[in-house]
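Reader: I am new to this structure and would like to learn how to read it. Please take me through some features one at a time.

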Amino acid sequence: MNKDNHQTINRRDFLKIVGISTATTAPLLSGCSSNNRANAGTSSSTPIPTDQMTHRTTPSTKDKVSILGYGCMRLPTIAKSSARESDDEIDQEMVNRLTDYAIEHGVNYFDTSPAYCKGRSEHAVGIALSRYPRDKYYIATKLSNFSPDTWSREASIAMYHNSLKELQVDYLDYMLLHGIGMGGMEAYENRYVKNGILDFLLEERKAGRIRNLGFSYHGDIEVFDYLLSKHDEYQWDFVQIQLNYLDWKHAKEINPRNTDAEYLYGELQKRGIPAIIMEPLLGGRLSNVHDHIVARLKQREPGRSVASWAFRFAGSFPGVLTVLSGMTYMEHLQDNLRSFCPLQPLTEEENHFLFDTADLMMQYPTVPCNDCKYCMPCPYGIDIPGILLHYNKCVNEGNVPQGGQDENYREARRAYLIGYDRSVPKLRQADHCTSCGQCNPHCPQGIDIPKVLQRIDHFVEQLKQETL
Ligand code: SF4
Ligand code: SF4
């Protein structure tokens, strides 16, 4: 064994090697596979009551909305994967069963978009929900005119009408301008103002075909602030924001382009606008946390899942209308229902416990990849999220070798290398990255992907120089 090489890979060097300082790292994830995403630590097998769902009231329409909202961006496929990533056929029978189970347990808010599941979500959701009377559910969809060829007035209106058709409805309960802030003010102007689409949607609300009008916010805070400054004119019925116990105070630290949820929620509260919450688990990161964090949460509440802390955090704010969760499998749905049937709001002391937990999580050197796959496909075939998820998984499980003095060094090194080959085929590993940089502009987390890949590859190469 080469002692010199061991000495080059102590913890501090490792952080340098992968180019991630603790100031720019986030607790993470990995293993954010849909199989384990929401269920880390779930132990409860108690029956879930059907009459205990917590509801909140929409100020404008007085809708009684379930605090758990069904996010329909990860519907199941017949190949037992998520239709968000997979081209496999959506398993309509399973979608119907999940819908039935959700409705039976009090869920009445279903959130979809023309963009979800590669354009197939609205259709599948329309089939599942149309089996129920129209007043038994609230449907939320979006004007997802992201691509310039859908910016024209005609194309955007056609998208809106197609949503009504696919969902088999003649009115929408909640309509969102989708992804406001992505591309800054210029994109907002092109998508909604110059083509008159915002005026069109306001008219549709007046006509009753849209019952509540709002927007989902990602990205440039200037657009968020601007739209709220126009609240007197537009009368937003709700706004969808990303909120979770890590983003509450650390969103900007994780990615300077993000804004802390504390600010977003506070601005809505000032104006009395209800918030709909997305990413309560931060792309799965808050259910797949470091073993030390799992132990901390479990010690506090052995019977609760790790994910349930994040759901309770999001649901405890009184100005929150519903907390969205994308549920692919029945166990996700059941675990989430346990958190909300009924919701037990966090006490002030529990809130502090979670904020302290978030501070601790910030100390783990994971890469803030949430497996969104916006960077894919890489023209050179690199499995970018696969590489980053494996790295994060090893950090969370304590399998990042921290130098020859570390008594677990051999075991951690073996686990890292063997797991790497199993998770990512050799031709798709970091050493094949050409540093072309084509992926970088697509990463909403602002990760310098080629730089991180290069450094992970360097680290892997150093590990390989040792003898197993
Ligand atoms: S920089 Fe690397 S990972 Fe990114 S697109 Fe180019 S080859 Fe693929
Ligand atoms: S775009 Fe960024 S956050 Fe999304 S999968 Fe790729 S690296 Fe991860």
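This is a predicted model: local features need pLDDT of at least 70, side-chain atom pairs count only at pLDDT 80 or more; totals for chains, interfaces and linings use all residues.

Reader: How many residues of helix 7 are buried?

Author: Start with the general idea. An α-helix has 3.6 residues a turn, so residues three or four places apart point the same way. Here, helix 7 covers residues 197–206, and seven of its ten residues are buried, which leaves the helix mostly covered. The buried ones are Ile-197, Leu-198, Phe-200, Leu-201, Leu-202, Glu-204 and Arg-205.

Reader: What covers the buried residues of helix 7?

Author: The cover includes strand 5 (138–143), strand 6 and strand 7, together with helix 5 (153–167), helix 6 (184–193) and helix 9 (231–234).

Reader: Is strand 7 enclosed or open?

Author: Strand 7 spans residues 210–217, and seven of its eight residues are buried, so the rest of the structure largely encloses it.

Reader: Which strands are joined to strand 7 by bridges?

Author: Strand 6 (residues 172–180) runs parallel to strand 7, and six bridges join the two. In that pairing, Met-175 stands opposite Leu-213 of strand 7. Strand 8 (residues 238–242) is also parallel to strand 7, joined to it by three bridges. There, Ser-216 stands opposite Gln-240 in strand 8.

Reader: How do helix 13 and helix 15 pack?

Author: Again, the general idea comes before the case. Two packed helices are described by the angle between their axes and the distance between the axes. For helix 13 (residues 306–316) and helix 15 (residues 348–361), the angle is about 120° and the axes are 11 Å apart. That angle makes helix 13 oblique to helix 15. The crossing of helix 13 past helix 15 is left-handed.

Reader: Which residues meet where helix 13 and helix 15 pack?

Author: Helix 13 brings Trp-309, Arg-312 and Phe-313, while helix 15 brings Glu-350, Asn-351, Phe-353, Leu-354 and Phe-355. By type, the residues of this contact divide into five nonpolar, one polar and two charged.

Reader: What does the secondary structure of the protein come to?

Author: It comes to 18 helices and ten strands. Of the 468 residues in the protein, 58% are buried. Among contacts between residues at least 6 apart in sequence, 78% join residues at least 24 apart.

How values were computed:
Residues are numbered from 1 along each chain as its sequence is written. Chains are lettered from A and ligands numbered from 1 in the order in which they are written. Side-chain values use heavy atoms; hydrogens and water are left out. Axes are lines fitted to C-alpha atoms, for helices over the stretch in contact, and angles run from 0 to 180 degrees between N-to-C directions. Helices (H or I, at least four residues) and strands (E, at least two) are DSSP runs, numbered from the N terminus. Angles under 35 degrees count as roughly parallel, over 145 as roughly antiparallel, 65 to 115 as roughly perpendicular and the rest as oblique. A crossing is left-handed if the near helix is turned anticlockwise from the far one by less than a right angle, and right-handed if clockwise. Contact means heavy atoms within 4.5 Å. Ala, Val, Leu, Ile, Met, Phe, Trp, Tyr, Cys and Pro count as nonpolar, Asp, Glu, Lys and Arg as charged, and the others, Gly among them, as polar. Buried means under 20% relative accessible area, exposed over 50%, partly exposed in between (1.4 Å probe, protein chains only). Two strands pair if DSSP finds at least two bridges between them.
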